[in-house]
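Hi everyone, thanks for making time this morning. Let me put the structure up on the screen, and then we can walk through a few parts of it together.

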Amino acid sequence: MEIISGSDDQVVQGKAIASLKKITKVLSPETINGPYVELIGRLDEGDYFSMRIAACQLYAAIYESLTAEKQELVRQKFAKLVKDDTPMVRWGAAQAMAVICYALDQETITEFLLPLLKVLL
């Protein structure tokens, strides 16, 4: 699934990401905070923009299931994706913001998300 989620074919990539999101609903918190975050981290560091777009969507999907420490790590990685050189990755991050904002408290939205939104504008 990791390889397929980084596919250049949008239909294939979309189905793979949807499957990975469904998997998160049955994973234990330990698995999400361990191997699953590592999987997304590998996508985040991928050479292809499609891998980084997938990481944006998956980070947003698991954010509220993470420990506070992992949430901080994900916010740092997400901020990096928002500032990516590739416009398609920034577009993917902007879409993921709509999902991740529901998992954030007001203070985090103000201090973290709004400045990133300004970067995208």
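Let's begin with a pair of side chains: Asp84 and Arg52 meet in a salt bridge, at 2.9 Å from N to O. By salt bridge I mean a side-chain nitrogen of Lys or Arg within 4 Å of a carboxyl oxygen of Asp or Glu. This pair links distant parts of the chain, with Asp84 in the loop between helix 5 and helix 6, and Arg52 in helix 4, 32 residues apart. Helices here are DSSP runs of H or I with at least four residues, numbered from the N terminus.

A quick word on what you are looking at: this is a predicted model, where local features need pLDDT of at least 70, side-chain atom pairs count only at pLDDT 80 or more, and totals for chains, interfaces and linings use all residues. Residues are numbered from 1 along each chain as its sequence is written, and side-chain values use heavy atoms, leaving out hydrogens and water.

Back to our pair: are its two residues buried or exposed? Asp84 is buried, at 15% relative accessible area, and Arg52 is buried too, at 12%. Buried means under 20% relative accessible area, exposed means over 50%, and partly exposed is in between, with a 1.4 Å probe and protein chains only.

How many salt bridges does the structure hold? There are four. Another one joins Glu45 and Lys80, at 3.2 Å from N to O. Here Glu45 sits in the loop between helix 3 (29-44) and helix 4, while Lys80 is in helix 5, 35 residues away. Glu45 is partly exposed, with 46% relative accessibility, and Lys80 is partly exposed with a relative accessible area of 46%.

Then there is Arg75 with Glu72, at 2.5 Å from N to O. These two are three residues apart in helix 5, so about one helical turn separates Arg75 from Glu72. Arg75 is buried at 17%, whereas Glu72 is partly exposed at 35%.

Now please look at helix 6, residues 87-100. Its buried residues are Val89, Gly92, Ala93, Ala96, Met97 and Ile100. Seen down the axis, they fall within an arc of 155 degrees, so they line one face of helix 6; the arc is taken from the directions from the helix axis to the C-beta atoms. What do the buried residues of helix 6 pack against? They pack against helix 4 (49-62), helix 5 (68-82) and helix 7 (106-120), where contact means heavy atoms within 4.5 Å.
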